[in-house]
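This report walks through selected local features of one protein chain. Keep the sequence and the coordinates open while reading.

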Amino acid sequence: MSKLAIIGMPMDLGQTRRGVDMGPSAIRYAGINERLKNLFDEVRDNGDIAIGRPEVEIDPESNLRNLHLIAEKSELLANEVDKAIKEKAFPLVLGGDHSIAIGTLAGVAKHYKNLGVIWYDAHGDLNTAETSPTGNIHGMPLAVSMGLGHPLLTNVGGYEPKVKPENIVIIGARSLDEGERLLIKEKGIKVYTMHEIDRSGMTKIMEEAIAYLKEKTDGVHLSLDLDGLDPLDAPGVGTPVNGGISYRESHLAMEMLAESQIITSAEFVEVNPILDDKNKTATVAVALMGSLFGEKLL
């Protein structure tokens, strides 16, 4: 019996551009339920976690934007994800900006001794308050999940770290801050930049990433930021970076993950319908979910 639990996290508190809170609605409008209902015995849409319309607040000590609110809402998401896994359902979280990964990983990681993470993204999201140029928490969730950052964030779920640096693979990186580059080298995080994807091809990259994670993890979380794709294919994102992964390469990556059967939880983030063209980015997200969950042409 295969069960899917869809959890909407309409949070835009991790950055400054409004609209990404409508991401879960856009993804549902693009037909996620219809697309996935034939791939599972049971698809349950648990609706959205209540975020409300809170006022923006800058923490005076750390200069982090919406620190307390993000910590509080991340706990709610962690509980929902934890509940889904306890009910033997695959948790699929719809964002929201990428700060939602703090809550998702807090809910997922307690169920695994050695959780692996595939971070499919143009950015490393490895900043801390000290290295961040903006104070925007959506540039920090991977660092937070490794136990680096403000204690309010690293302790979401009541434990830290959620993931070890050697169990992380970043795919599609093409915009890294100086502090992130140093951290990647210091921690030995496996990163496939666009240079490697262009040079070796997506097939080789995914084969390597899957083999790398398969031997050392007991579950793998996929955190897919739509800005990992090229803006021509996914225009509706808050921080687009030219020269990204193509639509077709992304389908291939998802198809290979489906075949490998290593993915145990997933989130799709940063769909911003305000910046989109006729809901194109949400439609792409839903198509990629179809491939991730084993949809076949023949």
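## Lys 73 in helix 3

Setting aside neighbours within four places in sequence, Lys 73 makes contact with Met 9, Met 11, Leu 13, Ala 50 and Ile 51. Lys 73 belongs to helix 3. Its relative accessible area is 10%, so Lys 73 is buried; the cut-off for buried is under 20%. The model is a predicted one.

How many aromatic pairs does a search of the whole structure find? The search returns two. Take Phe 40 and Phe 293 to begin with. Their ring centres are 5.1 Å apart and their planes stand at 70°, so this pair is edge-to-face. The cut-off for that class is over 60 degrees. The pair links distant parts of the chain, 253 residues apart. Phe 40 sits in the loop between helix 2 (32-36) and strand 2 (42-48). Phe 293 sits in the segment after helix 11 (280-292). Phe 40 and Phe 293 are both buried.

Phe 293 also pairs with Phe 90. This pair is edge-to-face, with 5.1 Å from centre to centre and 90° between the planes. Phe 90 is part of strand 3 (residues 89-95) and Phe 293 follows helix 11, so the pair ties together parts that lie 203 residues apart in sequence. Phe 90 is buried, as is Phe 293. Together, Phe 40, Phe 90 and Phe 293 make up one aromatic cluster.

## Lysines over tyrosine rings

Two tyrosine rings have a lysine over the face. Lys 162 lies over the face of Tyr 159, at 4.8 Å from the ring centre. Lys 190 lies over the face of Tyr 212, also at 4.8 Å from the ring centre.

## Helix 10 against helix 11

Two packed helices are described by the angle between their axes and the distance between the axes. For helix 10 (residues 247-260) and helix 11, the angle is about 30° and the axes are 7 Å apart. The angle makes helix 10 roughly parallel to helix 11; the cut-off for that class is under 35 degrees.

Which residues make the contact? Helix 10 supplies Tyr 247, Ser 250, His 251, Met 254, Glu 255, Leu 257 and Ala 258. Helix 11 supplies Val 284, Ala 287, Leu 288, Ser 291 and Leu 292. By class, the contact has eight nonpolar, three polar and one charged residues.

His 251 lies in helix 10. With a relative accessibility of 7%, His 251 counts as buried. Apart from neighbours within four places in sequence, His 251 is in contact with Ala 287, Leu 288 and Ser 291.

Thr 281 lies in helix 11. Is Thr 281 buried or exposed? At 0% relative accessibility, Thr 281 counts as buried. Residues up to four places away in sequence aside, Thr 281 touches Leu 226, Ala 234, Pro 235, Gly 236, Val 237, Val 271 and Asp 276.

## Backbone points to check

Most residues other than glycine have a negative phi, and most peptide bonds are trans.

Gly 96 falls in the loop between strand 3 and helix 4 (101-109). Pro 161 falls in the loop between helix 6 (151-154) and strand 5 (168-173).

Lys 88 lies in the loop between helix 3 (67-86) and strand 3. At 69% relative accessibility, Lys 88 counts as exposed. Asp 125 lies in the loop between strand 4 (115-120) and helix 5 (141-145). Asp 125 is buried, with a relative accessible area of 5%.

Terms used:
Residues numbered from 1 in each chain as written. Predicted model: local features only at pLDDT ≥ 70, side-chain atom pairs only at ≥ 80, totals over all residues. Heavy atoms only, no water. Phe/Tyr/Trp six-rings, centres within 6.5 Å; stacked < 30°, edge-to-face > 60°. Helix = DSSP H or I, 4+ residues; strand = E, 2+ residues; numbered from the N terminus. Buried < 20%, exposed > 50% of the residue type's maximum accessible area, 1.4 Å probe, protein only. Lys NZ or Arg CZ within 6 Å of the ring centre and 35° of its normal. Axes fitted to C-alpha atoms, helices over the stretch in contact; angles between N-to-C directions. Parallel < 35°, antiparallel > 145°, perpendicular 65-115°, else oblique. Contact = heavy atoms within 4.5 Å. Nonpolar A, V, L, I, M, F, W, Y, C, P; charged D, E, K, R; others polar.
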